[in-house]
Amino acid sequence: GLLANGVTVVTLPRFDLEQALGLIQRHRITRLFAVPPVVLALAKHPLVDSYDLSSLTQVFSGAAPLGADLAQEASARIGCEVVQGYGMTELSPVSHTTPPGMFKPGTSGVTVSNTESRIVDPDTGEDQPVGGRGELWVRGPLVMRGYLNNPEATAATIDADGWLHTGDVAVIDEDGHMTI
């Protein structure tokens, strides 16, 4: 991904807010990958006001759900989009993300390239229309091949047509944005 495309990547061995803020300021970091507790700190911690974060164009939150209100609060404070994606280990790692400029509060973004999404009624197996609720199914090259030495669990998760049944109830809106 990023390194293969020649992008500079700055990592921390362990997250420390003051160190992270200093690195953003010093290296003029444009995109920060974070978790919801870090977004909470960006929204509320007084230390944030001591640093120049104007280089940030997007904060991408993952690993746990991020509430729309918190995303908007952090976004307003630091002056850039605060978005989230959707993924799971079986999806190596994300199937939905929010490209820059496509922020839509509360959603997990749009389906990534070369990937398909469906919203399926778990009782009837019928695809749901735009805005309909159902189980999120994903198919594409990011879907794992299966659970190691566990064909039963694999068959229960990935159907014969290659659709991974996430178990999460979701909606895809008229703009293609998915919300869990």
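Predicted model: local features only at pLDDT ≥ 70, side-chain atom pairs only at ≥ 80, totals over all residues.
Residues are numbered from 1 along each chain as its sequence is written. Local features need pLDDT of at least 70, side-chain atom pairs count only at pLDDT 80 or more, totals for chains, interfaces and linings use all residues, and side-chain values use heavy atoms, with hydrogens and water left out.

The H96 side chain makes polar contacts with the side chains of S95, at 2.8 Å, and S117, at 3.0 Å. Such a contact is a pair of N or O atoms within 3.5 Å; within protein, one must be able to donate a hydrogen and the other to accept it, and residues adjacent in sequence count only if both atoms are side-chain atoms. Leaving out residues up to four places away in sequence, H96 also touches L136 and M178, among others (contact means heavy atoms within 4.5 Å).

As for nonpolar cores (sets of buried Ala, Val, Leu, Ile, Met, Phe, Trp, Tyr and Cys residues joined through side-chain atoms within 4.5 Å), the largest has 23 residues, and V82 is one of those touching the most other members. Helix α2 gives the largest share of this core, 5 residues. Apart from it lies another core of 14 residues, including L136 and M178.

Conventions: Buried < 20%, exposed > 50% of the residue type's maximum accessible area, 1.4 Å probe, protein only. Helix = DSSP H or I, 4+ residues; strand = E, 2+ residues; numbered from the N terminus.
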